[in-house]
Amino acid sequence: MAVLSILFPCSAFPRVLRFGENLCQEAGYTCHEVQEDETWDSLWPEESERDLVKRVNRMNTRLRPGMILAVPQNLEKQNRLGVAPFPAKIDSFGEKEIQVDLKQLAWAAYDAEGNLTSWGPAAGGKDYCPDVGRACRTHTGEFYIRRVGGPGCKSKKFPIPHGGAPMPYCMYYYDGYALHGSYTVPGYNASHGCVRIFPEDARWLNREFIDDMTRVRVLPY
């Protein structure tokens, strides 16, 4: 019996484009292709510069050869708020507000006067999750922080079937949707619906920023 082999072109399974690959083409940035044995620490020994490059690339995952990173020009003169993808001030409702922009892959914290106080990378829900057999995009709209957990917060659902995925400093804002810390913020939307952010950012928001009336505004994809 003849065996029929079907070969699928690479284009049938397109590679996910990380945020930095587009950003490095814009004015004010240069592109760096990661080489063998290069790490975040070896490329940027200065902690503040390393943190800034991670933030503009929206990722904290391990570097691999061939990755393309966006590097701000005059990096040593830049600061976090100076490269924020959010306005410095918004109309205030007299409440603190966390904005999550799923297109910019970023979150922003605004004080009760509408001033931007901090921002960082985010990864929302992806278009399709094979383990649940459906789309798992992040729910968008306006909400309030409803309950929070500490460094030991874990998912009760994922991985299927018993849960247990770490969600340090979780901040639930709607049903099972939460902002939480993660060491797998990859530069694209990759979650089951929650909003992954850097662990240090989750701790700051959880312990130092939010209060009983913190609004969460999740912008559309």
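Visitor: Which residue stands opposite D101 in β4?
Guide: In this predicted model, local features need pLDDT of at least 70 and side-chain atom pairs count only at pLDDT 80 or more, while totals for chains, interfaces and linings use all residues. Residues are numbered from 1 along each chain as its sequence is written, and side-chain values use heavy atoms, with hydrogens and water left out. Strand β3, residues 97-101, pairs with strand β4, residues 106-110, in the antiparallel sense over five bridges, strands being DSSP runs (E, at least two residues) and pairing needing at least two DSSP bridges. Within β4, the residue opposite D101 is A106.

Visitor: Which strands stand at the edges of the sheet?
Guide: Nine strands form an open sheet of mixed pairing, in the order β6-β11-β3-β4-β5-β10-β9-β8-β7. Two of them have a single partner strand each, so one side of each is left without a neighbour in the sheet; these edge strands are β6 (141-144) and β7 (147-148).

Visitor: Which helix packs on this sheet, touching β3 and β4 among other strands?
Guide: The helix, a DSSP run (H or I, at least four residues), covers residues 199-209. Contact means heavy atoms within 4.5 Å, and the strands touched also include β5 (116-123), β8 (171-174) and β10 (195-197). The helix that packs here is α4.

Visitor: Is the disulfide of C24 and C31 right-handed or left-handed?
Guide: A disulfide is a pair of cysteine sulfur atoms within 2.5 Å, and the count by this rule comes to three. The sulfur atoms of C24 and C31 lie 2.1 Å apart, and the two residues form a disulfide. The torsion about their S-S bond is about 85°, so the disulfide is right-handed.

Terms used. Axes are lines fitted to C-alpha atoms, for helices over the stretch in contact, and angles run from 0 to 180 degrees between N-to-C directions.
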